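Student: I have the sequence and the model open. Can we work through some questions together?

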Amino acid sequence: MKTMFGIELRRSIMLWLLPFTLAAGALVAWGWSETWLVWPEASATTSFAATRFSVAVLAGVAAWSAQRDRRGGLRDQLVAIARPAWQVEAVHLLGTMAYAWIGLLITALSIQLLVMAKIGPGFLWPSYLLLGLTTLTFSVAVGHLAGRLSSSRLIPPLIGATMLVAGFIAPPNAPFDLSVVTGPAKLELNPSVLAARSAFAAACVVLAITIPRTSAPSRPTKQVAVPLLAGVITLGWLTVSGPLQVPRAPVARPLCAEPAAGVPRVCVWPENRAYLNDATRAARLIASAAGGAVPLPDTYYDEGLSEDKPTFTALSTINPMIADMAIATMPSFRGCRDKSEADAEERATIGGEIWVWMTARASGLKSVTNDSSFLLPAEVGRDVDAALAKPHDKQLAWVKRQVARTWEGCGA
Amino acid sequence: MPGLEVVGLVQSYGSRTIISGLTMRADAGVTALLGPNGAGKSTLLRTLATVTPPGGGELRLLGRKVDSEKDAREVRKRIGYLPQEFGYHPNFSVYEFIRYCAWLREVPDRTAHASTMTALERVGLADRRKSRMRELSGGMLRRAGIAQAIAGDVGLVLLDEPTVGLDPEQRLEFRELVRTLADTATVVLSTHLVEDVAAVCTRLHVITAGRIVFSGTPAELAANATPGTPGDTPLESGYIWALRSAAVSA
């Protein structure tokens, strides 16, 4: 068996295609390189990079390889064999599958080493690696199955293209989505989905190696029915297994920066340690921009750590965190209740002006109307630009007036 | 113990009967199935190789009655089969492909390498073992086909038109190989070439329209020819006589 596996490995076309799939994965991973600073994001990137394009190549190659017996005219020779057909197919399938797993392993090891070099000891999250593994296993098995069932030359490119398109059009966070684009610390992969995906991938492998070829002289009902039933059951389980990523339970002891006078404290998920310095700097910039005119919260929490406290999303770039913290400072995000819709609308408009002003000040912007990162009503943009054009003390006087109107009834 | 025994074999494709009530046996040595194209030789060999289960009658191979997939799988370990259309994986090396075929036949791992090398040496392909299958000429491919059929502990060798594509020198080598195979196995070969039969076969069955119309030795067949029967050799005349007699009686 070992010798045959070695022969299958040597003669698989994936031996030549693996470097290309690895290169494609490396390009994908490089595109996401800003997120590598933390383990959950690095884990999601690993899964994404190892599967995004390689599923198409692997499924197509598996289909093409599975057709080789018919291409080679081995029909009679393969019927008149002593060895059970599933063993022959299993070794053949494993010859392609091994390259899928090797690709994932190489990608995972590369990203593991890169992240370790950046942020120190730690490990990629196994759940994301399992996600990649199930996706790759499923792709190869489906390709192999398609190749066994049809000898058409269109099948390999068709199955490859189908896998590629499926990766793009699958609804995000659906249980059957091929991969995830990001892996924020506030989310984790749903164990129920992982279990269902693993079972479905295993069922696909069983199907791929046990279902007789369409040209086989006899097709025992049991041999077809049992794996087919297993495939249908596990697919049903997968469909109802819930969203792919689910919120994590908040940790009892988040990682918090040292408190500083006049600056809100910043707390992040322990996994987001690498973002803490920038997040603290963002909080300092916000405090400086507020200049004592805008009431600030005691603490900003990384998203998912607290449900009813001001939150921000810890990232590797500072500007989005500044914007998040500025928004989280607004009274409507701090539990203020409005008496009427008109009150709420007015508070939102004025509050909007304050957060845009604060964001602009903290980010060093002189104008916001020409900045595409703000999606502002023209009136708000005009007001904020007018405020930003004033001397500093007049800006503070303006914002104090706005705060007085916005914080009315909020204990400010 | 005969290498194979067939009693009242029936084989059909759809509503078309190819073989009807055929009875034959083959003992140690080389037995030929001689007949014109379309006589049912390949169908018979496919049945003997357990590719197609019999539509009726009894099949006994290497002393074992074959009437289930389990029986068939057991006897396949010791049956070597070269189909008329020999299939192969073009990107495998010659060694790898023969080893693969031995693996399919469940030749034990501990002997698989030696069996593969022995088979390659016997067909004269040992020095081409590293070549890819796609690089072989037609004659070499036929020899590779024979090698895959004889790798391992084979008790029954079934060769369907084995000399097609071989040049005269290769045919001579092939005949020598078949003679040596017969020392350890029952060899059944189908052919429509009388000279192959004359050169290597100890017994023969003339088959036409799915029926055996003559069984005996090549000498007996040659002796049966009536004066005036066309043919360049006595055996060829005997063969033509057998076919014509069958046509008359039908």
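Student: In which sense do strands S9(B) and S10 of chain B pair, parallel or antiparallel?
Tutor: Keep in mind that this is a predicted model. S9(B) covers residues 203-208, and S10(B) covers residues 211-216. Five bridges join the two strands, and their sense is antiparallel.

Student: Which residue stands opposite B:Ile207 in S10(B)?
Tutor: S9(B) and S10(B) form a hairpin with two residues between them. In the turn, B:Ala209 has a positive phi of about 50°. Across from B:Ile207 stands B:Ile212.

Student: What is the bridge partner of B:Thr31 in S9(B)?
Tutor: Look at strand S3 of chain B, residues 29-34. S3(B) and S9(B) run parallel, joined by four bridges. In S9(B), the partner of B:Thr31 is B:Arg203.

Student: Why is strand S9 of chain B largely enclosed by the rest of the structure?
Tutor: Count its buried residues; the cut-off is under 20% relative accessible area. The strand has six residues. It is largely enclosed because the number buried is five of the six.

Student: What area is buried between chain B and chain A?
Tutor: Start with the contacts: 28 residues of chain B meet 26 residues of chain A. In chain B, B:Glu96, B:Trp103 and B:Leu104 lose the most area, together 28% of what that side buries. Carbon and sulfur atoms give 56% of the total between the chains, which is about 2,500 Å².

Student: How far apart are the closest N and O atoms in the salt bridge of B:Glu96 with A:Arg11?
Tutor: The rule finds three salt bridges across this interface. B:Glu96 and A:Arg11 form a salt bridge, and the distance is 2.6 Å.

Student: Which element gives the largest share of the side of chain B that touches chain A?
Tutor: There are 16 residue pairs in polar contact between the chains. Helix H2 (69-76) and H3 of chain B each give two or more residues to this side. The largest share, six residues, comes from H3(B).

Note on methods: Residues numbered from 1 in each chain as written. Chains lettered and ligands numbered in written order. Predicted model: local features only at pLDDT ≥ 70, side-chain atom pairs only at ≥ 80, totals over all residues. Heavy atoms only, no water. Buried < 20%, exposed > 50% of the residue type's maximum accessible area, 1.4 Å probe, protein only. Pairing = 2+ DSSP bridges. Contact = heavy atoms within 4.5 Å. Buried area = accessible area lost by both parts, 1.4 Å probe. Salt bridge = Lys/Arg side-chain N within 4 Å of Asp/Glu carboxyl O. Polar contact = N/O pair within 3.5 Å; in protein donor to acceptor, adjacent residues only side chain to side chain.
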